[in-house]
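Colleague: I am new to this one. Please show me the model, and then I will ask how you back up each label.

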Amino acid sequence: MDKFEFLRKELDELKEKGTYNTIRVLESAQGPWVTINGRKMLNLCANNYLGLITNEEVKSAAIEGVKNFGVGAGAVRTIAGTLILHEELEKKLAEFKHAEAVILLQSGILANIATIPLIVQEGDLIFSDELNHASIIDGCRLSKATIVRYKHLDMDDLKAKLEDYKDYNVRKLIVTDGVFSMDGDIAPLPQIVEIAEKYGAITMVDDAHGEGVLGDHGRGIVDYFHLEGKVDIDVGTLSKAFGVIGGYVAGSKTLIEYMKQRARPFLFSTPLSPADTSALIKVVEILSRDDSLVKKLWENGNYIKEQFKSYGFNIGHSQTPITPVIIGEEKTAMEFSKMLFEEGVFAQGIVFPTVPRGTARIRVMVSAAHTKEDLDFGVSKFVEIGRKLGVIR
Ligand SMILES: *Cc1c(COP(=O)(O)O)cnc(C)c1O
């Protein structure tokens with residue numbers, strides 16, 4: 001008897017519905033062009049916003065990290081796994097983010113899971129944007145607090161929900177993505193902070209797609225809105241624009257000191273390796289001294305948006321380099337993505353339930369490493385296929 005018959009059934013269902021995920025394998029380094037199935041493809045899928053994954057300085061720093069500290073940390077941070085590299089990265093990140101203190105974690109998802117259950121517990125209230133990332137949702141669930149979802153970016157709704165619960169004398173947390181990855185829209189943090197102040201709520205933003213993208217030198221969404229010191233918890237990932245792996249929380253000295261005593265992924269899981277940590281120290285150094293990559297990313301984002309628009313594509317209302325090319329029908333979007341792939345363009349089709357029904361799309365992720373010629377090639381293929389499928393005229 002197959003004990004996993006119930007899983008096999010579900011897998012078969014996924015395949016029938018056409019939502020089974022075929023995992024693509026890269027045979028080259030992540031970059032503007034990648035090799036898949038032996039073929040060179042234009043890559044419009046990755047979160048490698050600044051092209052730092054293959055940056056020579058960053059690669060050398062990783063190698064230095066290995067030479068000096070080996071390949072692993074060897075214990076959890078609270079026992080013997082805190083290397084001087086971890087402390088240096090935390091200090092550098094705090095400086096970069098203009099925050100009092102930073103705690104390093106192993107990923108963005110773990111940063112959310114580490115933080116939320118320490119801030120709110122059973123009986124407390126979480127006000128969460130309905131489109132928040134899965135890792136925020138998991139952190140919320142782990143906390144056992146009551147989750148009140150408000151309409152996406154809708155500040156009237158957020159206010160109304162806080163008003164509904166204003167007589168509840170419990171801890172209240174408002175949590176939101178900074179940049180929403182499917183549409184590229186930005187949370188209205190100044191209003192969120194204002195509402196939070198009025199109702200005595202704690203504010204938390206997950207800046208995974210704003211890190212290295214928004215604000216001066218890519219310092220993120222808090223810098224972008226000039227809200228230093230006003231957002232209580234600023235979560236980031238080091239795996240997107242930063243190009244490596246890891247997550248962190250920036251906030252007050254008290255918050256970070258407490259997290260180092262109690263955050264479960266910090267206490268019970270081994271930290272980033274010397275190679276990762278050393279590479280990340282270099283990334284922060286590069287971003288601190290030079291904003292040319294961030295500028296180039298925006299230039300490329302704006303360029304491809306203009307191109308798509310000029311050909312009549314619906315590109316939604318992104319406020320960041322993330323460019324959704326909205327197709328509408330699920331089936332057409334899947335077909336579109338498949339045809340792009342056949343033409344040498346790797347761009348991800350995104351359908352329900354990740355986005356609402358009827359708004360299926362191809363999500364285009366440009367980076368600072370793309371040239372204008374790369375983008376022109378990509379757009380020309382979109383236009384060819386868009387006309388064939390009747391998406392544009
Ligand atoms: C990607 C992402 C994460 C997860 O980050 P990892 O470092 O890959 O775990 C968390 N939150 C948001 C909003 C993200 O987009």
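Colleague: How do you know which residues belong to domain 1 and which to domain 2?

Modeller: The domain assignment gives domain 1 as 5-54 + 291-388 and domain 2 as 70-289. Such bounds come from an automatic or database domain assignment. The C-alpha centres of domain 1 and domain 2 lie 27 Å apart. Their contact takes 23 residues from domain 1 and 21 residues from domain 2. Contact means heavy atoms within 4.5 Å.

Colleague: What should I know about the model itself?

Modeller: It is a predicted model: local features need pLDDT of at least 70, side-chain atom pairs count only at pLDDT 80 or more, and totals for chains, interfaces and linings use all residues. Residues are numbered from 1 along each chain as its sequence is written, and side-chain values use heavy atoms, with hydrogens and water left out.

Colleague: What makes a set of residues a nonpolar core?

Modeller: The set must be buried Ala, Val, Leu, Ile, Met, Phe, Trp, Tyr and Cys residues, joined through side-chain atoms within 4.5 Å. The largest such core has 83 residues. Those with the most contacts inside it are Leu 158, Ile 174, Phe 242, Phe 308, Phe 313, Val 325 and Phe 382. Helix H12 (residues 274-289) gives the most to this core, with 7 residues. Helices here are DSSP runs of H or I, at least four residues, and strands are runs of E, at least two, numbered from the N terminus.

Colleague: Which residues does Phe 382 contact, leaving aside its neighbours within four places in sequence?

Modeller: Its contacts are Leu 44, Phe 308, Phe 313, Val 325, Phe 336, Leu 340, Val 345, Ala 347, Ile 362 and Val 364.

Colleague: Why is Asp 234 called buried?

Modeller: Buried means under 20% relative accessible area, exposed over 50%, and partly exposed in between (1.4 Å probe, protein chains only). Asp 234 has 6% relative accessibility, so it counts as buried. Asp 234 lies in strand E8. Not counting residues up to four places away in sequence, Asp 234 touches Lys 97, Val 205, Asp 207, Val 222, Tyr 248, Val 249 and Ala 250.

Colleague: What makes Asp 234 and Lys 97 a salt bridge?

Modeller: A salt bridge needs a side-chain nitrogen of Lys or Arg within 4 Å of a carboxyl oxygen of Asp or Glu. Asp 234 and Lys 97 meet at 3.6 Å, N to O, so the pair qualifies. The pair links distant parts of the chain: Asp 234 in strand E8 (residues 233-237) and Lys 97 in helix H4, 137 residues apart. Both partners are buried.

Colleague: How many salt bridges does the structure hold?

Modeller: The structure holds 23. One of the pairs is Lys 260 with Glu 90, at 2.9 Å, N to O. Lys 260 is in helix H10 (residues 253-262) and Glu 90 in helix H4 (residues 84-97), 170 residues apart. At 22% relative accessibility, Lys 260 counts as partly exposed. Glu 90, at 5%, counts as buried.

Colleague: Which residues are linked in a network of salt bridges?

Modeller: Glu 57, Glu 88, Lys 92, Lys 282, Glu 285 and Arg 289 are.

Colleague: What makes the phi of His 98 worth a mention?

Modeller: Most residues other than glycine have a negative phi, and most peptide bonds are trans. His 98 is not a glycine, yet its phi is positive, about 55°. His 98 is found in the loop between H4 and strand E3 (101-105). His 226 also has a positive phi, near 55°. His 226 is found in the loop between helix H9 (221-224) and E8.

Colleague: Where is the cis peptide bond?

Modeller: It joins Phe 352 and Pro 353, with omega about 10°. Pro 353 lies in the loop between strand E12 (348-350) and strand E13 (360-364).
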